[in-house]
Amino acid sequence: MVLVMSTFSGRPAIEYNDKDGIFSEMCEHTNEAALKYVSWKLKQENENLAAAFGFVTDEAQKDFTRFQALFADYSFAIEQVPLYNNGDMTGSFKSVCEMFDVLQKYIGENEEVIIHIDITGGPRHSVMLMLALIQMIKFSGAKVGMVVYANVLRKKSQSDVPKGMIEDVGDIMDMFTLISGAEEFASIGNVSQIQKYFEPRGNISWCLNSLLDCMEDFSETIRVCGSYDSMKEVLSRLKNDITSYENFLKANSSNLCEQELFFGKLLPKIKNEYADIMPHGGKVATPVQIIRWCAKRKFLQQAVVFYTEWLPDYLIDSKLVEVTEGNVSLECEKHKMDWSSWKIYLFKSYTPPKETAV
């Protein structure tokens, strides 16, 4: 588990519970509550918390031994990584990099490591540090488990006994994955992050499932440089599925999960990025429009392949170029590759015969 250690508040210990009221622990430190909750939660699943690593400021360092003593009866050790410049923003990058190195070393020495996160303590900007660390952990291929926050609840009256609540904020952290996934699909046609976000959730609608399948088909068509006909077909389906899903959202917004409703807010951006190549007014995008769209997004390999394989047919079929000599098309048909067309051979390889001098 990774945490940013707070200093001791000086207030008496208070009782922390989880949302179900099953976990209950008297704690004098917010990080203590989060750490003990995760240890307890894992034991319910016949697992154990093996180690804890804390970002520690110069000020918190003074209380570190006292903090360790709160876990004298626990089997895991707590190691510290300096939060440089006493938690100032200027030391943040160095601190995150050092923690990442510590975690990488630990992962290399152990199998099947799951990293849990406590975002409770530390300076106000520590949540941003943890967000960066979470993305680095995911990028490295490690798995992020629980992300928790120990919240001290506001008293309703002076006579109320202070209470604490352990909150699971993993879904909020995952929102950033969904946003970056939507941006990735809008920019480069990759749907893998969005699929990964929704994969563990079985409560998404059939309509969203259909849209995700279509987005995957488009991603695959781009990746393998599919034919113009297959591209037209998948773009038509993508437009229809987006429209269907927008209508579905309007009609069923009160019955859908929060994650799905949040995804719906990202659809306008995706629509806008694909507007130039999706069917409009009964007309499909031309090869030129799709090639331009690919080049604009630096899909240079796809742009070159489409230019080579699509433009010859388009130029002749649209009569931008006309072949008036019948024997030219017959000659090209004779020499073309099985998978190709005579029009591609004409532009790529055909050489007119030299005129014979009289």
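## Ground rules

Since the model is predicted, local features need pLDDT of at least 70 and side-chain atom pairs count only at pLDDT 80 or more, while totals for chains, interfaces and linings use all residues. Numbering runs from 1 along each chain as its sequence is written, and side-chain values use heavy atoms, with hydrogens and water left out.

## Two helix pairs

Let's start with helix 9 (residues 228-252) and helix 10 (residues 258-274), which pack at about 145 degrees with their axes 11 Å apart. Helices here are DSSP runs of H or I with at least four residues, strands are E runs of at least two, and both are numbered from the N terminus. Axes are lines fitted to C-alpha atoms, for helices over the stretch in contact, with angles from 0 to 180 degrees between N-to-C directions. The crossing of helix 9 and helix 10 is left-handed (the near helix is turned anticlockwise from the far one by less than a right angle; clockwise would be right-handed). On the helix 9 side, the residues are Leu238, Ile242, Tyr245, Glu246, Phe248 and Leu249. They meet Glu260, Leu261, Phe263, Gly264, Leu267, Ile270, Lys271 and Tyr274 of helix 10, where contact means heavy atoms within 4.5 Å. By class, the contact of helix 9 with helix 10 has ten nonpolar, one polar and three charged residues. For those classes, Ala, Val, Leu, Ile, Met, Phe, Trp, Tyr, Cys and Pro count as nonpolar, Asp, Glu, Lys and Arg as charged, and the others, Gly among them, as polar.

Next up are helix 4 (residues 92-109) and helix 5 (residues 126-140), whose axes come within 10 Å and cross at roughly 40 degrees. Helix 4 passes helix 5 in a right-handed crossing. Helix 4 brings Ser92, Val96, Met99, Phe100, Leu103 and Gln104 to the contact, and helix 5 brings Leu129, Leu133, Met136, Ile137 and Ser140. That contact of helix 4 with helix 5 splits into eight nonpolar, three polar and no charged residues.

## Aromatic pairs

Searching the whole structure turns up 18 aromatic pairs. Rings of Phe, Tyr and Trp (its six-membered ring) pair if their centres lie within 6.5 Å; planes under 30 degrees apart are stacked, over 60 edge-to-face, and the rest tilted. Phe23 and Tyr37 have ring centres 5.3 Å apart and planes at 85 degrees, so they are edge-to-face. This pair links distant parts of the chain, 14 residues apart: Phe23 is in the loop between strand 2 (14-17) and strand 3 (24-27), and Tyr37 is in helix 1 (residues 30-44). Phe23 is buried at 2% relative accessibility, and Tyr37 is buried at 10%. Buried means under 20% relative accessible area, exposed over 50%, and partly exposed in between (1.4 Å probe, protein chains only).

Phe218 and Trp293 are also edge-to-face, with centres 6.1 Å apart and planes at 75 degrees. Phe218 sits in helix 8 (residues 206-223) and Trp293 in helix 11 (residues 287-296), so the pair ties together parts 75 residues apart in sequence. Phe218 is buried at 0%, and Trp293 is buried at 3%. Elsewhere, ring pairs link Phe198, Trp206, Tyr245, Phe248 and Phe263 into a cluster.

## Charges over rings

Lys36 lies over the face of Phe71, at 5.6 Å from the ring centre. Arg66 does likewise with Phe8, at 3.8 Å from the ring centre. The test is NZ of Lys or CZ of Arg within 6 Å of the ring centre and within 35 degrees of the ring normal.

## Two buried residues

Ala34 is in helix 1 and is buried at 0% relative accessibility. Leaving aside neighbours within four places in sequence, Ala34 contacts Met1, Asp118, Thr120, Val148, Ala150 and Ile166. Ala34 and Ile166 are 132 residues apart in sequence, yet 6.7 Å apart from C-alpha to C-alpha.

Ile137 of helix 5 is buried too, at 1%. With neighbours within four places set aside, Ile137 contacts Phe100, Leu103, Ile115, Ile117, Ala142 and Val144.

## Positive phi

Most residues other than glycine have a negative phi. Asn46 has a positive phi of about 60 degrees; it lies in the loop between helix 1 and strand 4 (51-56) and is exposed at 75%. Lys298 has a positive phi of about 65 degrees; it lies in the loop between helix 11 and helix 12 (300-317) and is exposed at 66%.
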